[in-house]
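Dear colleague,

Please find below the structure we discussed handing over. My notes on what was found in it follow.

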Amino acid sequence: MPADLPGSPDPDPLARERAHLAASRAALRAMREDVEALDITDVTANWVNAAVLEAQIEQRITALADLSHTPLFFGRLDYLATTQEGQRFYIGRRHVHDGDGDPMVVDWRAPVSQPFYRASKKDPQDVGLRRRFGYTGGELTAYEDERLSDPDEAERTSKLLQAEIERPRVGPMRDIVATIQPEQDEIVRSGLGGTVCVQGGPGTGKTAVGLHRVAYLLYAHRERLARTGTLVIGPNRSFLHYIEQVLPALGELEVQQTTVDDLVATRVEVRGVDDAAAAVVKGDARMAEVLRRALYAHVTLPTEPLMVVRGSRRWRVPAYELEEMVRELLDRGIRYGAAREALPQRIAHAVLVRMEQAGEAPDDRVQNAVARNAAVKAVVKEVWPPVEPAKLVYRLLSDAEFLAAHADGLLSAEEQKAVLWPKPPRSVKSATWSAADAVLVDEAADLVERTHSLGHVVLDEAQDLSPMQYRAVGRRCTTGSATVLGDLAQGTTPWATASWADALRHLGKTDAAVEELTAGFRVPREVIAYASRLLPHIAPDLAEVRSVREAPGSLEVVRHAPDATPAVVSACLSALEHEGSIGLIAADARLEPLARALTEAGLSYLAPGEETTPESRLTLVPASLAKGLEYDYVVLDEPSAIVDAEPDERTGLRRLYVSLTRAVSGLTAVHAADLPAQLAG
């Protein structure tokens, strides 16, 4: 840290900051070398401990990597001389200290860094000066100062902050640690104990906020979350590939990422696809009660007494007493499997009471032996038989009578017909399981045995989940907390949630705080205003996103009849003249002719999930996979075709809303057919 105090004259500030950057990089290298030089031969008791410690050291070495393309620090805080002893702190992605242990760079998550994001002219929070740094190719090239405690200096928009927000996007999603806004920071730093639901329109940064919240929680509660685990759940694998570098860039390497489908597809192989009617019913929360009824229907009340033989003695437990045990376990509402394990111990205890009454002195070993007695095991198997979750769901979906018996009063005859397999498979293994079926199996498995709970779960694009999918995610954080991210206006599944209150109820987090982000930082004002014409028809209760980005000329709508394809190719060529990534978004059925046209024009293209590079910047994106992705320039093919591809108009308009709002710098919509009436206004 520089020796001079804030406010002292500095004839060449840029040179001084570059010197501090060089010294910080040298300090980081020294920290890494210290870890690499560690000798653990004398501190590990066995090979297991050694392997664990070696893995931890390797992880620490990786976390201390100095990434040339990632600035080591992006800001500086100079506190007033009356506070923090007039100290100066450089704010960066990770902590760096010198040989004496003094901080060269302070982690952005540290409490002392918070004013960098929240201090303002109205509330300077004892900050005299906030400095932001600008970088070009990893080299520090500019700085910008805000004297927050100076009443004579007017508040102004940071040009470096604006430039960072608008920086072209090539490659995977990057962190926003240098540009977090006050309302975003409040969510990021909210406590681990409570669940937070973030409603955010396009470009409000909700995904980035969720990922940075994970990074913050791991910083503030590392030991606890190291024990209990953290999980990020996204809508599809393309999306996960897009965001997968954000947490490692912040030094967090251990967070697992998955999709809802992959989360539950551990007991059956998903090979089939449901039609919309079947998927909606299978995803309905009523199916949880159907499964519970079907499972506990396997339990029968004993009608015969039990005789346990031990040596020359016989011990009789009457049927009514066995019935009381079964009824008590049913009334307690514990998991099916746990109750089944408890029943033989209950029976054994009743036998031991009789032994004691007869003058014997049995101990725990005797009770365990009685519980394993063949007669006891036979009774348990008869009255509380084992149930395989997949077989239970298989029977429900293939046996109309069995389904009707347990769906009575819950599902109509039409709904029951919708979920039944038209042609029942011969076995569990031969069944063509769908993603919705796998969720049912997961629910059944939890009824049998409690699902392991994690410390924190982040659920992104949550508006598209069914009630049963919410329940599946909720089971993974029953004793932990969650960050739920989404936009009701972007719900594009037939079962998309109508409100966050409903979603949180199915998730089991009714006490969650619901926050709304309405300031847009990604989509230009002209583009978001155009897309927002659809809001009254798809989500009339939601506020329109207020974009802070003015980009005149960012929207172009081109009609080219009778075929839009040549104009689409031309628009892609024009977009490629700009810096950054380009996404060509189209209805799924239009991909093949567009791909041919691009190839004929000599334009190579990527598929969603493939990483863009400076040499390959054009991605051909089906509208069904566009959600959560972003491109500097978007060419949108035939808006009406995107709407018409969906089973109903509202879903189609929502899909179009998603597609319209993927652009960061410019949108060109090309059409031959008439635009949807809701957009043309």
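The second largest cavity has a volume of about 70 Å³. This is a predicted model, and the structure holds three cavities of 30 Å³ or more. Around the second largest cavity, the lining includes Gln199 and Gly201, a run from Glu516 through Leu517 to Thr518, and another made of Leu542, Ala543, Glu544 and Val545. Asp487, Leu535 and Tyr657 also belong to that lining. Sorted by class, the residues around this cavity are six nonpolar, three polar and three charged.

Next, the open space. Several elements supply at least two lining residues each: helices H10 (260-264), H11 (276-282), H20 (435-448) and H21 (467-475), together with strand S10 (270-272). By class, the lining of the second largest pocket splits into 16 nonpolar, 11 polar and 12 charged residues.

On the surface, I would point you to Trp47. This residue is found in helix H2, which covers residues 47-63. Trp47 has a relative accessible area of 68%, so it counts as exposed, the cut-off being over 50%. Together with Val48 and Val52, Trp47 makes a nonpolar surface patch of about 340 Å².

A second residue to look up is Asp152. You will find Asp152 in the loop between strand S6 (139-146) and helix H4 (159-165). Is Asp152 buried or exposed? Its relative accessibility is 75%, and because exposed means over 50%, Asp152 counts as exposed. If you want a distance to check in your viewer, take Asp152 and Asp66: they are 86 residues apart along the chain, and their C-alpha atoms are separated by 40 Å.

Finally, the overall figures. The protein has 681 residues, of which 54% count as buried. There are 29 helices and 23 strands in the protein. Taken along the principal axes, the C-alpha atoms fill a box of roughly 100 × 75 × 45 Å.

Regards

Notes: Residues numbered from 1 in each chain as written. Predicted model: local features only at pLDDT ≥ 70, side-chain atom pairs only at ≥ 80, totals over all residues. Heavy atoms only, no water. Helix = DSSP H or I, 4+ residues; strand = E, 2+ residues; numbered from the N terminus. Nonpolar A, V, L, I, M, F, W, Y, C, P; charged D, E, K, R; others polar. Buried < 20%, exposed > 50% of the residue type's maximum accessible area, 1.4 Å probe, protein only. Patch = residues over 30% accessible without salt bridge, like charges linked within 9 Å, V, L, I, M, F, W, Y side chains within 5 Å. Areas by Shrake-Rupley, 256 points an atom, 1.4 Å probe, with all protein chains shown as cover. Salt bridge = Lys/Arg side-chain N within 4 Å of Asp/Glu carboxyl O. 1 Å grid on protein atoms, 1.4 Å probe; cavity = no way out; pocket = protein on both sides within 12 Å on 5 of 7 lines; lining within 4 Å. Points joined across faces, edges and corners; volume = space filled by probe spheres on them.
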